[in-house]
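This briefing concerns the structure shown below.

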Amino acid sequence: MPRQLDLTALRSFVTVADLGGVTRASGALNLTQSAVSMQLKRLEESLDASLLDRTARRIGLTASGEQLLGYARRILSLNDEALTR
């Protein structure tokens, strides 16, 4: 059975990337920090890749995270477009 990406986790990932941190993203998504962190962890585990560089004060993206970000934006855009039609 093919694996599937969790759209909620992708949305959290994109929001964290855009806002530069889990705290800001959790506020924008109206979720707790722990919920956003858990979604990111599950996404990384499902892809078997580290997506975020958590060493600096501001969260950055790893090379894998940069690559996924473009795909995630397109996937979410198509999802949102399909829902509005």
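**Salt bridges, core and surface**

Arg 11 counts as partly exposed, at 31% relative accessibility. The model is predicted, and in it the side chain of Arg 11 meets that of Asp 80 in a salt bridge, 2.8 Å from N to O. Asp 80 lies in helix 4 and Arg 11 in helix 1, so this pair ties together parts that are 69 residues apart in sequence.

**Salt bridges**

- The count of salt bridges comes to five, including the pair formed by Arg 11 and Asp 80.
- Asp 80 is partly exposed, with a relative accessible area of 31%.
- Arg 73 and Asp 18 also meet through their side chains in a salt bridge, at 2.6 Å from N to O. This pair links distant parts of the chain, with Arg 73 in helix 4 and Asp 18 in helix 1, 55 residues apart.
- Arg 73 counts as partly exposed at 37% relative accessibility, and Asp 18 counts as partly exposed at 41%.
- A salt bridge joins Asp 6 to Arg 42, with the closest N and O atoms 4.0 Å apart. Asp 6 belongs to the segment before helix 1 and Arg 42 to helix 3, and the two are 36 residues apart.
- Asp 6 is partly exposed at 33% relative accessibility, as is Arg 42 at 41%.

**Nonpolar core**

- The largest nonpolar core has 17 residues, and those with the most contacts inside it are Phe 13, Val 16, Leu 40, Leu 43 and Leu 52.
- At least two residues of this core come from each of helix 1 (7-19), helix 2 (22-29), helix 3 (33-47) and helix 4 (63-84). Helix 1 gives the most to this core, with five residues.
- Not counting residues up to four places away in sequence, Val 16 touches Gly 21, Val 22, Ala 25, Val 36, Leu 40, Leu 52 and Ile 59.

- Ser 12 lies in helix 1 and is buried, with a relative accessible area of 1%.
- Leaving aside neighbours within four places in sequence, Ser 12 is in contact with Leu 29, Leu 31, Val 36, Gln 39 and Leu 40.
- Gln 39 lies in helix 3 and counts as buried at 8% relative accessibility. The side chain of Gln 39 makes a polar contact of 2.2 Å with the side chain of Ser 12.
- Beyond four places in sequence, Gln 39 touches Thr 8, Ala 9, Ser 12 and Leu 31.

- Gly 21 is located in the loop between helix 1 and helix 2 and counts as buried at 10% relative accessibility.
- With residues up to four places away in sequence not counted, Gly 21 touches Val 16 and Ile 59. The C-alpha atoms of Gly 21 and Arg 11, 10 residues apart along the chain, are separated by 13 Å.
- Leu 76, in helix 4, is buried, with a relative accessible area of 5%. Leaving aside neighbours within four places in sequence, Leu 76 is in contact with Leu 7, Leu 10, Arg 11 and Val 14.

**Nonpolar surface**

- Leu 5, Leu 7, Tyr 71 and Ile 75 make a nonpolar surface patch of about 310 Å².
- Leu 5 is found in the segment before helix 1 and is partly exposed, with a relative accessible area of 34%.

Note on methods. Residues numbered from 1 in each chain as written. Predicted model: local features only at pLDDT ≥ 70, side-chain atom pairs only at ≥ 80, totals over all residues. Heavy atoms only, no water. Core = buried A, V, L, I, M, F, W, Y, C linked by side-chain atoms within 4.5 Å. Buried < 20%, exposed > 50% of the residue type's maximum accessible area, 1.4 Å probe, protein only. Helix = DSSP H or I, 4+ residues; strand = E, 2+ residues; numbered from the N terminus. Contact = heavy atoms within 4.5 Å. Patch = residues over 30% accessible without salt bridge, like charges linked within 9 Å, V, L, I, M, F, W, Y side chains within 5 Å. Areas by Shrake-Rupley, 256 points an atom, 1.4 Å probe, with all protein chains shown as cover. Polar contact = N/O pair within 3.5 Å; in protein donor to acceptor, adjacent residues only side chain to side chain.
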